[in-house]
Amino acid sequence: MLFPADHKRIKTFARKIIAGMSKERLSKVATEQTNKMILKLLQDPESFGPLLEKCCGGISSAMAWEKTNDEIAKGVCATSVGLLEVISPEAIQNKLPFLEQIPLWVPDFLQPWRVKEIARVTFERNFWLGQRAQTKARIESEKDTQEYSWTRESLKDASLQ
C-alpha cells in the first residue's frame, strides 16, 4: 500500500534521476544486455519471453545499481510482475473499489487481496532498499569507479534519500 507521501517521493526521485541519466551509459548497458539476450536466443529460440524479461531486468538493475546478475534481474522482474497484477483492471480491488474502504482491523482471511498487496510492497521495499544498501557499500569501498547509477546519483542528493 502506497501512501500519498510515497507517491510524491517516488515522483520527485524519478524526475531528478531521469533528468540526469547518462544517455551514453544507458545505450552501453542496453547494448550489452541485448547482445547477451540475442546470443542466448540463438541457442534457445523457445525461451524468448524469459530472456526478454531477464534482459529488461538486467538493464534496469545495471542502471539502478551499476551492476547486475541473474538474481538481481529476476528480483526486478518479480517486482514488476507484482505491480502489474495490482494495477491490472482484473485485480479484485480495481473491480470493486469499495474494498479499499474496509477497515484494517477486519481479519486478514476476509481480505486476501490486502494481504497479498502488503506482502508485495514489503518484498519490493526490502528488495530495492537491500540493493541500494549493497550498492552504497560497494561505492564507498570502490572510490575509483564512476559508472552512472540511480543509486550513485541519489547518494549525492539528500533530497533523494
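Modeller: A residue counts as buried when its relative accessible area is under 20%, as exposed when that area is over 50%, and as partly exposed in between, using a 1.4 Å probe and protein chains only. This is a predicted model, in which local features need pLDDT of at least 70 and side-chain atom pairs count only at pLDDT 80 or more, while totals for chains, interfaces and linings use all residues. Residues are numbered from 1 along each chain as its sequence is written, and side-chain values use heavy atoms, with hydrogens and water left out.

Colleague: How many helices does the chain have?

Modeller: Helices are DSSP runs of H or I with at least four residues, strands are runs of E with at least two, and both are numbered from the N terminus. From that end, the elements of the chain run α-α-α-α-α-α-α. The chain has zero strands, and its helices number seven.

Colleague: What percentage of the residues of the chain count as buried?

Modeller: The accessible surface of the chain comes to about 10,700 Å², and 64% of it belongs to carbon and sulfur atoms. Such areas come from the Shrake-Rupley method with a 1.4 Å probe, and for residues only the protein chains shown count as cover. Of the 161 residues of the chain, the buried part is 31%.

Colleague: Is Phe 127 buried or exposed?

Modeller: Phe 127 and Phe 123 both belong to helix H6 (residues 112-141), where they are four residues apart and therefore separated by about one helical turn. Phe 123 has 41% relative accessibility, so Phe 123 counts as partly exposed. Phe 127 has a value of 12%, so Phe 127 counts as buried.

Colleague: Why do the rings of Phe 123 and Phe 127 count as they do, and what is the pair called?

Modeller: Rings of Phe, Tyr and Trp (its six-membered ring) pair if their centres lie within 6.5 Å; planes under 30 degrees apart count as stacked, over 60 as edge-to-face and the rest as tilted. By this rule there are two aromatic pairs. In the pair of Phe 123 and Phe 127, the ring centres are 6.1 Å apart and the planes meet at 15 degrees, so the pair is stacked.

Colleague: Which residue forms an edge-to-face pair with Phe 127?

Modeller: In this pair the distance is 6.2 Å centre to centre, with 90 degrees between the planes. The partner is Trp 128.

Colleague: Which residues is Met 37 in contact with, beyond its neighbours within four places in sequence?

Modeller: Contact means heavy atoms within 4.5 Å. Setting aside those neighbours, the contacts of Met 37 are Leu 51, Leu 52 and Cys 55.

Colleague: Is Leu 39 buried or exposed?

Modeller: Leu 39 lies in helix H2. At 54% relative accessibility, Leu 39 counts as exposed.
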